[in-house]
Amino acid sequence: MERRDALRLIGSAAAIPVFSGLGAERLWAIAESTHLRAAGAAGAALDAHQLETVAAIAEHILPRTDTPGARDAGVPEFVDLLLAEWYDETERGNFVAGLAAIDASSRTAGSESFVALGAVEQLALLEALDSATTQPALPGAAAAGAPKPAPPAPGSAEATYANLKRLTLYGYFTSKPVMTTVLRTNIWPGRYDGCVPA
Amino acid sequence: MRARVKREPYDAIVVGSGITGGWAAKELCERGLRTLVLEAGRDISPGTDYVEHVQPWQQHFRGFGDRRRLEREQPVQKHCYACDEWGSKFFVNDLENPYAVDEGKPFQWIRGRQVGGRSIMWGRQVYRWSDLDFEANLRDGHGVDWPIRYADIEPWYDYVERFIGISGNAEGLPQLPDGQFLPGMQLNCAELKVRDALQARWGRERVLTIGRCAILTRTHGGRAACHYCGPCERGCITGSYFSSISSTLPAARRTGRLTLRPDSVVESVLFDAASRKARGVRVIDAGTREAVEFEARLVFLCASTLESTRILLNSTSAEFPAGLANSSGVLGQYLMDHTMGGGASGRMDGMLDQKPFGNRPNGVYVPRFRNVKDQHPDFLRGYAFQGGGGRAGWGRGGSTPGIGAEFKASLLEPGTWSMGLYGFGECLPRPENAVSLDPVLRDTWGIPALRISCAWGDNERAALRDMSVTAAEMLEAAGAQDVSSYVQDNPPGLTIHEMGTARMGRDPASSVLNGFNQAHDVANLFVTDGACMASSANQNPSITYMALTARAVDYAVGKVNRHEL
């Protein structure tokens, strides 16, 4: 069975009656072990479930369209690399705690984890996190000296989401496929023009 | 330890191969002197060391840099924007090159030790001084009077600018003399709008012009024009910006009189008591740790502001127990750097049908307008702005609401225009801002390390505050929206315009060098890097160092030829 098929089964309505008699803790344990079996290899910092969670969120932020998506651009691997070799232990712990918090939010939405949610529910959860963390600046707010909203607490679902969104954007737009086939970065423009038609 | 004495017949020794060392080498060699250039760091091979075309995806951390290594080995250097995953190799290892600071007085000493020195990753901005600057100390009594005026250095500005190639636009401003310019780079839409708004509101008092920079806008002296890839600080395989590697060292080499010795850490200048002249220098070989002495008739210290002063402080003798050429006692004092980071930025609505093409490695410049005619009530001297405009790229996505296909597509289009102005301010010369040799700390080669004691004063802080106000009012005059102003708290050193500590002056009792960068006490010893500066002005200083170096060599070689040295 393909990884995504397994995840879809776990998240599907058909699976719910089978599990409905079990307590939340037991369900969680089953889900985790299923993921570990079904999902791909663990990363250097993230286990297979965490890596798949990162990949699923990143793909929602930058999905495959007529251009590559976050998975195609290797965003999950980039995030895992930074977590393993760039972040310190506290930062890494906070990031992973935030992933667990996202899973916890998914359980209140009736699923055992984020990746087990249906695509529509996943998107709804992420959009809520997105609007909680990237409020557009009110016009004139800076000039009026309005206080900036407090950043989300480290280890929260909001903090990890906001962090992951930035990492996703960075990992995506600096990847080889995106730089060479989408942005078509020109390393030898040969001239500078201050104003050309956009 | 006894040193091996090299008896090669050198006429001149130049310590350092960067911006000023390269110029000293070129001028000495072209005037017929067999010249030894001693460089503390390794040799550089542009073909393999320059990385300006390496893309983020070709880097392990995609440009984030190896944070753990940087924090371990370059905890000071990493504060410079150019000390990143590409360019950190051009900055020193802080563990090998320690220095001490006084409690509560951070100083970030950013250093490059390699052939080319910091000319590889310098900011490339070039602004002449005027008599407003050369007369400043005399006018307000801070520091000693400069022994030179603009007329003394003007032909030498012309000379060095013609050789290295400077692009920019003439503006006819008395406080910022025009130079020998190749065509200036273009302003973009947002910058044109701000330029016109300043012109309308302030006339010729506040002027926005394209940055004057040592980047070629057309082929010059056998070097190719800029191809606008962007990150000059990572090197330039076409040699389109000035570095000693692309410009002066090849000219010196062409004479056949240059010997360049990398991995040669100069420990001290050797003083001959009988002749009261510098005999040569003592070098620690960076590889073998062997001490070697080199002798010559002229010694030029071009090791960078604080390294040249450190060498002098470490060159003690019975005649000069407090450091060579230090009969005045001011060696090490009057350290300056430019302040930076009072400024503002804002959004420029409209012009969405226009965008820039190419990566212009240069910004705009708003020359000094404070204390040019009238005296500001809060501070002496002046400041200038660098900055620029542009359209937002995909990086805006992190603070833009949205996810999904539409969000992704929107980030592939350029965002709104914005414009920023960032101030650089003059620092008054003060005796308490000083360096000395630390009694305990030594570098990897056993040479005493510096203790640096430096802090901004009230005058610098007042000017920084004013920058944030005037930057915002200029952007608002141009119709910018959501203008936010700021005052950063950057420590001295980080602007990397450190200067002073072996200042020029008219009186040997209060200065180290005379008006030709010649030590008052030691006739064949010259210091032509930033150490010589008696005040800081607010202009980026490198072109002034270059002009002073060429002028000093002309003077020194004239003396040698007349058998006066």
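A residue is called buried if 20 or more other C-beta atoms, placed from the backbone, lie within 10 Å of its own, exposed if 12 or fewer do, and partly exposed in between. The model on screen is predicted, so local features need pLDDT of at least 70 and side-chain atom pairs count only at pLDDT 80 or more, while totals for chains, interfaces and linings use all residues. Residues are numbered from 1 along each chain as its sequence is written, and chains are lettered from A in the order in which they are written.

Select A:Val178 to begin, which sits in helix α9 (residues 176–182) of chain A, helices being DSSP runs of H or I with at least four residues and strands runs of E with at least two, numbered from the N terminus. A:Val178 counts as buried because it has 25 C-beta neighbours inside 10 Å. Beyond its neighbours within four places in sequence, A:Val178 is in contact (C-beta atoms, placed from the backbone, within 7 Å) with A:Pro68, A:Ala73, A:Tyr172, A:Phe173 and A:Leu183.

Finally, select β1(A) together with strand β14 (residues 354–357) of chain B, which run antiparallel and are joined by three bridges. Within β14(B), B:Gln354 is the bridge partner of A:Pro197.

Terms used. Two residues are in contact if their C-beta atoms, placed from the backbone, lie within 7 Å. Two strands pair if DSSP finds at least two bridges between them.
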